[in-house]
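Here's a quick tour for anyone meeting this structure for the first time. Take a look at the sequence and the model before reading on.

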Amino acid sequence: MRFGKSCDEVRSQIIQQMKIWEPRDNCQNGGEKCLYKFLSSEGDMVKGTHTTPVKAYVDDLSFKFTSTPSNTCNVEGFSTSQTWYAVLDYGTNYCNLHNLVDGAGLNKGDATFIEETQSKVCTQYESADCEVY
């Protein structure tokens, strides 16, 4: 992902969104915009987890931030289930990352924003429904 903001600002907003969506209360309206947990921010990395509300599967999340000379920020996001057999996940791992960026508003009003992925990299990305997952 590319953002037209500094990495410090992007990092801060992603961490803040994880904290906002930590309580189970956020699960009441359906979807999975809840049960995030911020774990650490060290150097250019932020780590957290997301627990699925129905089956309680835990997914590990990481974001790597790289500043550019023009004070924009490139971010590599990665989400993987701690459950080895969770391969066909309806795009849950993609949605774990996308929902945080969207919830923080980082993809809105930023002409520089670009999100790049594909189903080869992010299983079932093309059929993901991030309002459900």
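What follows covers the disulfides, the strands, one serine and the nonpolar core.

This is a predicted model, in which local features need pLDDT of at least 70 and side-chain atom pairs count only at pLDDT 80 or more, while totals for chains, interfaces and linings use all residues. Residues are numbered from 1 along each chain as its sequence is written, and side-chain values use heavy atoms, with hydrogens and water left out.

**Disulfides**

- Searching the whole structure turns up two disulfides (a disulfide being a pair of cysteine sulfur atoms within 2.5 Å).
- One of them links C7 with C73, with an S to S distance of 2.1 Å. C7 sits in helix α1 (residues 7-20) and C73 in strand β5 (residues 73-81), so this pair ties together parts that are 66 residues apart in sequence. Helices (H or I, at least four residues) and strands (E, at least two) are DSSP runs, numbered from the N terminus.
- The torsion about the S-S bond of C7 and C73 is about 100 degrees, so that disulfide is right-handed.
- C7 counts as buried at 4% relative accessibility, and C73 is buried too, at 0%. Here buried means under 20% relative accessible area, exposed means over 50%, and partly exposed is in between (1.4 Å probe, protein chains only).
- The other disulfide joins C27 to C34, S to S 2.0 Å. Its S-S torsion is about 100 degrees, so the disulfide of C27 and C34 is right-handed. Both C27 and C34 are buried.

- Strand β3 (residues 45-51) is mostly covered, with five of its seven residues buried.
- Strand β2 (residues 36-42) runs antiparallel to β3, and six bridges join them; strands pair if DSSP finds at least two bridges between them. K37, for instance, has T49 in β3 as its bridge partner.
- β2 and β3 make a hairpin with two residues between them, and G43 in the turn has a positive phi of about 60 degrees.
- β3 also runs antiparallel to strand β4 (residues 58-67), joined by seven bridges. Across from V46 you'll find F63 in β4.
- The hairpin of β3 and β4 has six residues between the strands, and A56 there takes a positive phi near 60 degrees.

**A look at S79**

- Is S79 buried or exposed? At 11% relative accessibility, S79 counts as buried, and S79 lies in strand β5.
- Leaving aside neighbours within four places in sequence, S79 is in contact (heavy atoms within 4.5 Å) with D59, D60, L61, N93, N96 and L97.
- The side chain of S79 makes a polar contact of 2.6 Å with the side chain of N93, and another of 2.9 Å with that of N96. A polar contact is a pair of N or O atoms within 3.5 Å; within protein, one must be able to donate a hydrogen and the other to accept it, and residues adjacent in sequence count only if both atoms are side-chain atoms.

**The largest nonpolar core**

- A nonpolar core is a set of buried Ala, Val, Leu, Ile, Met, Phe, Trp, Tyr and Cys residues joined through side-chain atoms within 4.5 Å. The largest one has 21 residues, and F3, V10, F63, F65 and V75 touch the most other members.
- α1, β4, β5 and α2 (92-103) each supply at least two residues of this core, with α1 giving the most, five residues.
- Not counting residues up to four places away in sequence, F3 touches a list of residues including V10, C73, V75 and V101.
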